[in-house]
Amino acid sequence: MNANDSHDIEIRHLYKIFGSESRNYIKSVKDGMTKAELNDLHNHVLALHDINLTIPRGRITVIMGLSGSGKSTLVRHLNGLIRPTAGEVLFDGKDVATMSPAQLREFRRMKIAMVFQKFALLPHRTVLQNAAYGPSLRGVSASEAERLARHWIDRVGLAGYEDYYPRQLSGGMQQRVGLARALANDAEILLMDEAFSALDPLIRVDMQSILLELQQELQKTIVFITHDLDEALRLGDQIAILRDGAMQQVGSREDIVLRPANSYVADFVREVNRGRILEVRSVATPVAANDDLPDFEVKARSKLDVVARRMTSEGVARALVRDRQGTVVGTIDLPAILDAMVNPADAASDAEDAA
Amino acid sequence: MDLISFPEMSRGSLRAMRQTIDGAFRDFTRAWGETLEAIFSPLQSLLTFLENLLIHSPWILVLAAISLGIWLLSRSWRIVVGAVVALVAIGYFGMWEDTMRTIAMVAVCTLIAVVVGIPIGILMAQSKRTNAVVTPVLDMMQTMPSFVYLIPVVMIFGLGKVPGVIAVVIYAIPPVIRLTNLGIRQVAPDVLEAADAFGSSDWQKLRDVQLPLALPTIMAGVNQTIMMSLAMVVVASMIGVRGLGQPVLQAINQQYFTMGVMNGLAIVAIAIIMDRTTQAYGHRLQKHSEVRK
Ligand SMILES: Nc1ncnc2c1ncn2[C@@H]1O[C@H](COP(=O)(O)OP(=O)(O)O)[C@@H](O)[C@H]1O
Ligand SMILES: [Mg+2]
């Protein structure tokens with residue numbers, strides 16, 4: 001497999017300016033004109049500013065940012081719904097940004113599916129017909145399209161609702177249809193633009209579980225957009241944080257929480273319950289050659305809060321951390337766990353209060 | 001200076017101008033009249049065929065066929081029963097044949113309006129330019145007194161069914177066009193984006209999303225077109241279209257009150273039947289928007 005068809009998505013130096021003469025301003029923007037200046041002087045919107053991002057195949061990449069930060073714009077560049085002002089979006093060595101309309105149609109039919117915030121189901125079609133939409137566009141036979149549709153309706157837990165119309169279903173159920181419709185396309189890339197944001201909190205967590213469960217087996221390249229940090233930390237193998245169209249940090253959830261790249265990200269992750277996000281392996285100390293190893297063992301991917309609870313109830317102060325293969329990752333003690341669970345910024349301000 | 005009387009073109013030049021235009025049009029009619037008649041002759045055959053079918057078939061069969069059609073569209077027994085009662089009364093009072101002629105006429109006019117109007121509406125919805133060109137034409141078609149465009153139509157085609165159909169279609173086609181355009185423009189942008197995201201071609205988008213979602217609105221346009229065609233039958237009878245309009249016209253000229261009222265009521269009855277049927281059909285098209293299963 002050469003670098004050209006790694007099946008990763010490579011976004012390179014991507015700029016998007018909204019407005020009728022966007023191309024005229026790309027040079028000024030590259031030379032340092034800010035979003036505010038562009039808006040005040042020329043009435044154009046700088047939506048994306050020099051985005052570089054590798055989206056690895058088979059993993060969930062979450063793009064997170066506040067409303068208006070450019071998330072929807074960015075994700076729509078991946079399937080060509082929005083064309084860039086400058087830059088490249090590479091997949092399998094091809095640049096999505098320069099595809100002809102016919103190539104783009106083919107790409108969307110075969111390689112990339114999408115789930116929308118407001119579901120965007122076809123209201124005049126039943127659940128079954130909605131799920132069969134992608135295959136029917138590809139020219140698959142009607143019976144094969146129906147077979148695919150039934151399979152995925154079943155997988156998202158909607159068996160029995162095939163003949164309902166979207167309007168007869170709750171929001172959560174409608175988005176299951178949206179998910180089934182996207183999965184029935186059998187595409188390797190799945191784009192989800194705030195797919196769960198319109199749902200009630202409990203339903204949202206349900207949907208996240210369904211997604212994670214399906215992903216275990218499907219290993220699709222998922223790009224998940226959200227403005228919700230908890231959702232990002234729960235789903236993202238990789239998390240990218242966007243602010244006013246500029247990328248702030250790209251990294252694992254530990255990177256984001258433990259090593260925020262700047263004060264914006266640090267503020268963002270301040271309120272996070274770190275004990276529920278961090279895995280013990282991220283704070284384990286490697287064992288030295290002649291260390292004596294504790295008997296109590298914990299799994300490397302257990303979350304800090306779970307480990308802390310187990311250790312306190314068992315009355316042990318130190319534990320051995322092993323990964324799934326049984327290899328020793330290191331040791332961990334309660335003070336280190338507590339230290340990692342407390343946000344350094346909060347600790348600093350508390351220290352000031354005490355003084 | 002005289003500010004009371006408007007500075008007019010001289011009478012002589014005005015007459016000359018009218019004569020030139022009339023003359024040019026007359027030449028056009030002479031040169032192209034037969035070609036145009038030939039083009040529209042299938043229309044004449046269609047209308048004659050339908051008329052003969054309705055008039056010369058056993059009345060009970062015609063009644064059964066009409067009832068079946070109404071039921072298939074409306075799925076409402078009330079409308080079917082109402083239609084049967086009205087048609088039986090119409091037949092009993094001696095207006096069966098004229099009514100059949102009028103129904104045939106309205107059916108053909110509506111068919112033409114739909115076949116011509118829906119594609120025009122689609123084009124208007126896709127392109128701002130077409131929209132800008134067609135909209136004023138539609139405004140003119142709807143406000144121009146119909147007698148005015150009867151003149152050129154009669155000059156080209158003479159008296160008879162074809163000019164009648166053309167005049168009725170000109171008068172009645174705007175709602176289909178306007179509401180097709182409106183219906184397609186009203187389709188939610190997020191559903192269209194989904195269609196794009198799944199790789200729809202323009203044609204697939206039209207067929208799977210835009211037309212089905214616009215259909216209830218389009219049906220409202222068809223309903224209006226039918227009503228307007230019926231409203232034109234009296235005017236059309238002035239240029240030789242036979243049907244319920246003719247006795248009305250005759251009744252006006254001879255002051256036959258009862259005859260006028262009876263034929264007028266027959267027109268009203270047909271209008272109500274067609275209106276309720278098409279509306280019920282329009283409602284059925286929106287079944288998916290009901291919340292209960
Ligand atoms: N079609 C458009 N025309 C002009 N500005 C737009 C358009 N779409 C988005 N924008 C602007 O681009 C910025 C990013 O928008 P968006 O990608 O929708 O953000 P998000 O999805 O993160 O809320 C916003 O400032 C928004 O107003
Ligand atoms: Mg958005």
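Let's start with helix 8 (171–183) and helix 9 (201–218) of chain A, each of which supplies at least two residues to the lining of the second largest cavity. Helices here are DSSP runs of H or I with at least four residues, strands are runs of E with at least two, and both are numbered from the N terminus. Please keep in mind that this is a predicted model, where local features need pLDDT of at least 70, side-chain atom pairs count only at pLDDT 80 or more, and totals for chains, interfaces and linings use all residues. Residues are numbered from 1 along each chain as its sequence is written, chains are lettered from A and ligands numbered from 1 in the order in which they are written, and side-chain values use heavy atoms, with hydrogens and water left out.

Back to that cavity. Its volume is about 40 Å³. Which helix gives the most to the lining of this second largest cavity? Helix 9 of chain A does, with 4 residues. Among the lining residues are Leu179(A), Leu190(A), Gln215(A) and Lys220(A). By class, this lining has 7 nonpolar, 1 polar and 1 charged residues. The classes work like this: Ala, Val, Leu, Ile, Met, Phe, Trp, Tyr, Cys and Pro are nonpolar, Asp, Glu, Lys and Arg are charged, and the others, Gly among them, are polar.

A word on terms. On a 1 Å grid over the protein atoms alone, a cavity is a set of points where a 1.4 Å probe fits but cannot get out; a pocket is an open set with protein on both sides within 12 Å along at least five of seven lines; and lining residues have an atom within 4 Å of a point. Grid points are joined across faces, edges and corners, and a volume is the space filled by probe spheres set on the points.

How many cavities of 30 Å³ or more does a search of the whole structure find? There are 2. The largest holds about 60 Å³, and its lining includes Thr102(B), Met105(B), Val233(B) and Arg242(B). Helix 11 of chain B gives the most to that lining, with 3 residues. The class count there is 5 nonpolar, 5 polar and 1 charged.

Now return to helix 9 of chain A, as we meet it again at the largest pocket. The volume of this pocket is about 1100 Å³, and helix 9 gives the most to its lining, with 7 residues. Of the 31 lining residues, Leu212(A), Leu233(A), Arg234(A), Arg253(A) and Lys303(A) lie nearest the centre. The lining divides into 8 nonpolar, 8 polar and 15 charged residues.

Stepping back, chain A has 16 helices and 13 strands. Along its principal axes, the C-alpha trace of chain A spans about 65 × 55 × 45 Å.

Let's finish with one residue in chain B, Gln204(B), which sits in helix 10 (residues 202–231). Is Gln204(B) buried or exposed? Gln204(B) counts as buried because its relative accessibility is 11%; buried means under 20% relative accessible area, exposed over 50%, and partly exposed in between (1.4 Å probe, protein chains only). The side chain of Gln204(B) also reaches across to chain A, to the backbone oxygen of Leu137(A) at 3.4 Å. Leaving aside neighbours within four places in sequence, the contacts of Gln204(B) (heavy atoms within 4.5 Å) include Arg109(A) and Val209(B).

Methods:
A polar contact is a pair of N or O atoms within 3.5 Å; within protein, one must be able to donate a hydrogen and the other to accept it, and residues adjacent in sequence count only if both atoms are side-chain atoms.
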